Structures are given as C-alpha cells and as structure tokens.
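Here is a short report on selected features of one protein structure. Please keep the sequence and the 3D view at hand while reading.

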Amino acid sequence: MGDHASSLLRNLLLLGLNLTILLLQPDKRSEGPQFSPARSQVSLAMDPHFGASSKHQIQMEIDALSREKSSMRPENHSSVSHFLLLGLPIPPGQQGVFFTLFLGMYLTTVLGNLLIILLIRLDSRLHTPMYFFLSHLAFSDISLSSVIVPKMLMNMQTRQQSISHVGCISQLYFFIHFAGLDNFLLAVMAYDRYVAICHPHYTTTIMREGLCALLVAGSWIVACVHALIHTLLLARLSFCADNAIIHFFCDLAALLKLSCSDTSLNVLVIFTETGIIFFLCFGVILGSYIRIGTIMLRVPSTKTLFKAFSTCGSHLSVVSLYYGTLAGVYFSSSSWDSKDIIASVMYTVITPMLNPFIYSLRNRDIKQALEMCVNRVKFFKQQLLNPPVAVRSTGR
C-alpha cells in the first residue's frame, strides 16, 4: 500500500513537472520536434509500469528542454551598442558643398552669439534685464547648435554614420535640455517686455536683479529636469536589430520608433509633461503680447508704437522662427520624411544662426555697442602701430 502510494505520488510530481514545462513553452501553431519529447514524457508518466530507466530518461530530456528554453531569445531583439544616423537627404556628389555650407553656418552661429555675449558684458548700457536674458539665450543657441552640428559635419566628412549608444543618449539629453531652455528663456523675455511696456515706471522695481537671476536659474533647473525625465525613460527601453535612425541627430521620436519595448509610458509623458511645459511657455508669450497689443490700441501714440516695435520686434521674430519650425516638425505629420528633416535643420541650425542678426539689425542699443567696440579696436590698433614718442626736455 505504501509502495503504491509513493509510486503514485512520484508519478504525480513528474506529471506536474512535465506539464509546467509544457506551459512555459511559447505558443506555436506548428510544433517542431523539440516539443514532442515533453508530450511523450507525459504519457510515460501516466504509465504505472515505467521504471528507473524511464525516470532517468525523463530527467535527461527535462534538462535538455530547460537548456533549450534558457537559450531561446526573440530573434528581432539584440543589445544595440551603436546607432546609424542616416543624415540629411543629400546626393553623394554634393556632400562637399553642403559640408562647407553647414560649417559656415555653424561658425557664424558661434561667432555671432559670442559677439552678442561679449557686447553685453563690455557695454554698461546693456546691463538691463532684457540683455541679461538675451546673453543666456545666445549661450543656449551656441550649445544647442554645438550638440548637433559638429557630429553631423564629422559624419559628412568621414562618411561614417555610426554613433555609440551612450553618445546617442547623451546627445538626446543635451538637445532636449537646450531646446527646452530656449523655450523658457523666450517666455521670460516676453514677460520682461510686458513689464517694460505696460508698467514702465515699475520696471526696475519688478524686474530687479534678484528676480532676473531667479528666473534664469529656474529655467536652467526645469530644463535639466525635463531632459533628465525623457532620457531616463528612454534608457530603460531595449532596441531592435534595426538601428538605423532616419535623421541627422538622435531625436526622441525617431528613437522611440526603433524601440522593441512598450513605449506607452514615454508617449504619455511626452503628451502630458512636455505638452504642459510647451503650452505654459507659449501661453505666457501669447498673453504678454496680447496685453501689449491692448495697451498699444488704448494709447495709439507714435512714441508708444515705436517703443513697442523697437523692444518687441526682435523677440517676436525669434519666437515666430522657433515655434513655427517646431510646429512644422512635430505637429504637421505623424511620420518622418525629408520635409520634417529640413524643418529640423531650421530650428537646430538656421534659427540659432539668425538670432544675432535679428537682434543686431533691429536693435539700436546693440548697434551702438558694436560701433563703440569697433572704435575701441581701431584705437588700440592705432596705438600699437603708431606708439606715442616721448619728447625729451633739454636743459640749458
């Protein structure tokens, strides 16, 4: 009785083990030969006359199935160590021309924005909240362009489109950071213009130095957290064997399309957190200019119109370029094509290059500071070429 009970218990245990292995196997319509041993062992386990040799055979085949299970991986998943940036849709024979063009635009961006920062630092008349914010915007434009353009130029020159996984994630982080910083600074500058036009007598009281520093520091911190959220959410994803990015830099939307993992959380954060930040900043800009327009219509004097145009014209032009190109990329279509890539060139390369020209050509203070700087350079150059001659006094 005890032998029969122990035999029955052993049979039930082996049957449960084999059924567990069967349940762990992937569901396939057509089962190959690798699934037949497990089924045969179920029938053997139900036979009360199987002996030790059958038990040993079962154990061997269970071990084989376990090893096979552990070695099975989905064939479309892999550990991606690098990505391929397919770049701009440029014909192979025109790579050199476009390399020279983008190199010239990048140098213009860096030198032009550095000149804006230098003029603001040297001229005491530009030590106002408007130009304080402008200097940070110029630095952000240099950084945004430097994150993307040098890598793109190197790929054009070397014809090697590879970028490491770490390099791609790092590029994405700094791109989101400085693009978000531009967004915040444009909103802060719009509020400063609203205070300057609608409350001219309280400008120094409202936009004091401490508040300006706090607004800039807050913009940097929020932009950093914003970029960090999206970077960490992307870093947890796995990527398919197809690692070709149809873009000239590591863009978040292009990377999400390559992922083999569930990206629903990433998409949810993009539509909620990014949407709130975008529309909040855009709302501040829109509300500021609606209020400025109301004041201008209420007191339609030439002096008011000239002041509003001179202080808001440059900023409004930059806002139109920035948000216009962003809307063209992220709201016009759901799939990436050559038009979206060209629009991306607008806000990553061309807009940072045009900002110094917009603020210098439409701004009288910048023009005067530039003329003073040029005159100083001419004076020092003349002093170096024609040093003053010391006149000796001859005693009688």
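## Basis

This is a predicted model.

## Nonpolar core

The largest nonpolar core has 89 residues. Six of them touch the most other members: Phe-83, Leu-88, Phe-102, Leu-234, Ile-245 and Leu-255. Helix H6, residues 165–198, gives the most to this core, with 20 residues. In soluble globular proteins, nonpolar side chains tend to be buried together.

Ile-245 deserves a look. Leaving out residues up to four places away in sequence, Ile-245 touches Phe-83, Leu-84, Leu-85 and Leu-86, among others. Its contacts also include Ala-254, Leu-255 and Leu-258. Cys-168 and Cys-250 are on the list of Ile-245 contacts too.

## Disulfide

The count comes to one disulfide. The bond joins Cys-168 to Cys-250, with an S to S distance of 2.0 Å. Cys-168 lies in helix H6, and Cys-250 lies in the loop between strand E3 (244–245) and helix H9 (252–258), so the pair ties together parts that are 82 residues apart in sequence. The torsion about the S-S bond is about -130°, so this disulfide is left-handed.

Are the two cysteines buried or exposed? Cys-168 is buried because its relative accessibility is 0%, under the 20% cut-off. Cys-250 is likewise buried, with a relative accessible area of 0%. Cys-224 is partly exposed, with a relative accessible area of 29%.

## Surface patch

Leu-115, Leu-118, Leu-122, Leu-370 and Val-374 form a nonpolar patch on the surface. Together they have about 380 Å² of accessible area. Which helices each supply at least two residues of the patch? They are H4 (95–122) and H13 (364–385). H4 gives the most, with three residues.

Val-374 sits in helix H13. Val-374 has a relative accessible area of 37% and is partly exposed.

Arg-159 is not a glycine, yet its phi is positive, about 60°. Where is Arg-159 found? Its place is the loop between helix H5 (129–158) and strand E2 (162–164). Arg-159 is exposed because its relative accessible area is 56%, over the 50% cut-off.

How values were computed
Residues numbered from 1 in each chain as written. Predicted model: local features only at pLDDT ≥ 70, side-chain atom pairs only at ≥ 80, totals over all residues. Heavy atoms only, no water. Patch = residues over 30% accessible without salt bridge, like charges linked within 9 Å, V, L, I, M, F, W, Y side chains within 5 Å. Areas by Shrake-Rupley, 256 points an atom, 1.4 Å probe, with all protein chains shown as cover. Salt bridge = Lys/Arg side-chain N within 4 Å of Asp/Glu carboxyl O. Helix = DSSP H or I, 4+ residues; strand = E, 2+ residues; numbered from the N terminus. Buried < 20%, exposed > 50% of the residue type's maximum accessible area, 1.4 Å probe, protein only. Core = buried A, V, L, I, M, F, W, Y, C linked by side-chain atoms within 4.5 Å. Contact = heavy atoms within 4.5 Å. Disulfide = S-S within 2.5 Å.
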